[in-house]
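User: Hi! I have a chain open on my screen and would like to talk it through with you. Could you take a look?

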Amino acid sequence: QVQLVESGGGLVQTGDSLRLSCRASGGTFSSMDMGWFRQAPGKEREFVGNILWSGGSTSYADSVKGRFTMSRDNAKNTVYLQMTSLKPEDTAVYYCAARARLTAAYRYWGQGTQVTVSS
């Protein structure tokens with residue numbers, strides 16, 4: 001059973017940067033695609049970005065493209081989400097998710113970490 005634990009959330013101001021981390025255990029991290037999702041109050045959960053198991057390919061939602069960057073360290077079983085130029089609309093609970101490579105559905109989810117951006 002894969003377990004994911006996010007960390008790094010907090011309260012920041014508009015324009016600040018923040019780095020989220022997600023550490024995986026219980027699975028073969030290097031064989032998993034990793035994703036970040038977020039859910040703001042009263043809204044549905046939305047895709048933020050993902051990084052494939054090989055680490056060579058990333059994709060992002062248009063709303064964060066150019067501001068957020070994902071990376072992974074397979075030696076540490078950890079994926080990162082570097083967020084820059086944060087805006088109040090980035091306020092949400094951020095979730096880390098994992099799926100086996102060559103599959104479509106994210107099967108494993110973390111508990112989430114709160115990011116609040118004040119104006």
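User: What order do the elements run in from the N terminus?

Analyst: From the N terminus on, they run β-β-β-β-β-β-β-β-β-β-β. That is 11 strands and zero helices. Helices (H or I, at least four residues) and strands (E, at least two) are DSSP runs, numbered from the N terminus. One note before we go on: this is a predicted model, where local features need pLDDT of at least 70 and side-chain atom pairs count only at pLDDT 80 or more, while totals for chains, interfaces and linings use all residues. Residues are numbered from 1 along each chain as its sequence is written, and side-chain values use heavy atoms, with hydrogens and water left out.

User: How much of the chain is buried?

Analyst: 42% of the 119 residues count as buried. Buried means under 20% relative accessible area, exposed over 50%, and partly exposed in between (1.4 Å probe, protein chains only).

User: Which residues touch the most others in the largest nonpolar core?

Analyst: That core has 30 residues, and L4, M34, W36, V79, L81, M83 and Y94 touch the most other members. The elements giving two or more residues to this core are β3 (18-25), β4 (32-39), β5 (46-51), β7 (68-73), β8 (78-83), β9 (92-100) and β11 (113-118). A nonpolar core here is a set of buried Ala, Val, Leu, Ile, Met, Phe, Trp, Tyr and Cys residues joined through side-chain atoms within 4.5 Å.

User: What does L4 touch?

Analyst: Not counting residues up to four places away in sequence, L4 touches C22, R23, A24, M34, C96, A97, A98, Y108, W109, G110 and Q111. Contact means heavy atoms within 4.5 Å.

User: New topic: R38. Is that arginine buried or exposed?

Analyst: R38 is buried, with a relative accessible area of 5%. R38 lies in strand β4.

User: Which side chains does the R38 side chain make polar contacts with?

Analyst: One is the side chain of D90, at 2.9 Å, and another is the side chain of S63, at 3.5 Å. A polar contact is a pair of N or O atoms within 3.5 Å; within protein, one must be able to donate a hydrogen and the other to accept it, and residues adjacent in sequence count only if both atoms are side-chain atoms. Leaving aside neighbours within four places in sequence, R38 is in contact with residues including E44, V64, F68 and Y94.

User: You mentioned V64. Where is V64 found?

Analyst: V64 is in the loop between β6 (58-60) and β7. V64 is buried, with a relative accessible area of 0%. Not counting residues up to four places away in sequence, V64 touches R38 and V48.

User: Let's do sheets. What is the strand order in the open sheet of four strands?

Analyst: The order is β1-β3-β8-β7, with antiparallel pairing. β1 (3-7) and β7 stand at the edges, each with a single partner strand, so one side of each is left without a neighbour in the sheet. The twist averages 15° from one strand to the next. Two strands pair if DSSP finds at least two bridges between them.

User: How many bridges join β3 to β8?

Analyst: Six, and those two strands run antiparallel. The bridge partner of L20 in β8 is L81. Six bridges also join β7 to β8, again antiparallel, and D73 stands opposite T78 in β8.

User: What is between β7 and β8?

Analyst: The two strands form a hairpin with four residues between them, and N77 in the turn has a positive phi of about 55°. β8 itself is mostly covered, with five of its six residues buried.

Notes
Axes are lines fitted to C-alpha atoms, for helices over the stretch in contact, and angles run from 0 to 180 degrees between N-to-C directions.
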